Amino acid sequence: MSPGADPQSEVQALIEEMGIGMSKFYFLALGQGMEENAKLLIERGAIRGHWVMLQNCHLLTSWLKTLEGIIESNVKPDKGFRLWLTTMPTPEFPLGILQKSLKVVTEPPDGLGANVRQKFT
């Protein structure tokens with residue numbers, strides 16, 4: 001993710017476009033003390049087919065190995081389940097998660113004009 005990127009709004013737009021409904025979308029900004037909440041959202045989402053977004057994974061790198069274990073333990077999630085993770089680049093991000101993921105990179109556009117156009121379109 002690049003500074004200023006807002007993937008949550010883009011995922012919400014995708015949910016609406018696909019007709020899934022916002023009642024199946026849960027998001028959590030990670031930070032100290034949020035580990036158990038994140039684990040519960042993932043486990044519940046895997047059973048019920050929710051879309052779960054954990055934002056700012058780079059702020060809780062000490063928990064990322066646990067996250068990898070949680071993901072690995074979900075052997076038969078509901079077919080509607082989606083887990084979205086946002087992070088700034090960090091070498092501490094577990095390779096196992098990266099290898100199993102579809103990765104989307106956001107980068108700021110070049111130049112002032114492109115930045116302004118992106119903000120207002």
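**Pocket, contacts and salt bridges**

Guide: The largest pocket has a volume of about 1100 Å³. Among the 33 residues lining that pocket, Trp-84, Leu-85, Leu-102, Lys-103 and Val-104 are the closest to its centre. Helix H1 (7-18), strand E3 (82-85) and helix H4 (95-99) are the elements that each give two or more residues to the lining. Keep in mind that this is a predicted model.

Visitor: What makes up the lining of the largest pocket, by class?
Guide: The lining has 20 nonpolar, seven polar and six charged residues. Trp, Leu and Val count as nonpolar and Lys as charged, so Trp-84, Leu-85, Leu-102 and Val-104 go into the nonpolar class and Lys-103 into the charged class.

Visitor: Why is Gln-8 called buried?
Guide: Its relative accessible area is 13%. Buried means under 20%, so Gln-8 qualifies. Gln-8 is found in helix H1.

Visitor: How do you know that the side chains of Gln-8 and Gln-55 make a polar contact?
Guide: The contact is 3.3 Å, and the cut-off for a pair of N or O atoms is 3.5 Å; the pair therefore falls within the limit. Leaving aside neighbours within four places in sequence, Gln-8 is in contact with Phe-25, Phe-27, Met-53 and Gln-55.

Visitor: How many salt bridges are there?
Guide: The count comes to three.

Visitor: What makes Lys-39 and Glu-43 a salt bridge?
Guide: Their side chains meet at 3.4 Å, N to O. The rule asks for a Lys or Arg side-chain nitrogen within 4 Å of an Asp or Glu carboxyl oxygen, so the pair meets it. Lys-39 and Glu-43 are four residues apart in helix H2 (residues 35-48), and therefore separated by about one helical turn.

Visitor: Why are Lys-39 and Glu-43 called partly exposed?
Guide: Lys-39 has a relative accessible area of 29%, and Glu-43 has 30% relative accessibility.

Visitor: What about Glu-68 and Lys-65: how far apart are their closest N and O atoms?
Guide: They are 3.3 Å apart; the limit is 4 Å, so this is a salt bridge. Both residues lie in helix H3 (residues 64-73), three residues apart, about one turn of the helix.

Visitor: Is Lys-100 called buried or exposed, and why?
Guide: Lys-100 has 57% relative accessibility, over the 50% limit, so it counts as exposed. Glu-72, at 41%, falls between the limits and is therefore partly exposed.

Visitor: Which elements does the protein have, and in what order?
Guide: There are five helices and three strands, and from the N terminus they run α-β-α-β-α-β-α-α. Buried residues make up 29% of the 121 residues.

How values were computed. Residues are numbered from 1 along each chain as its sequence is written. This is a predicted model: local features need pLDDT of at least 70, side-chain atom pairs count only at pLDDT 80 or more; totals for chains, interfaces and linings use all residues. Side-chain values use heavy atoms; hydrogens and water are left out. On a 1 Å grid over the protein atoms alone, a cavity is a set of points where a 1.4 Å probe fits but cannot get out, and a pocket is an open set with protein on both sides within 12 Å along at least five of seven lines; lining residues have an atom within 4 Å of a point. Grid points are joined across faces, edges and corners, and a volume is the space filled by probe spheres set on the points. Buried means under 20% relative accessible area, exposed over 50%, partly exposed in between (1.4 Å probe, protein chains only). A polar contact is a pair of N or O atoms within 3.5 Å; within protein, one must be able to donate a hydrogen and the other to accept it, and residues adjacent in sequence count only if both atoms are side-chain atoms. Contact means heavy atoms within 4.5 Å.
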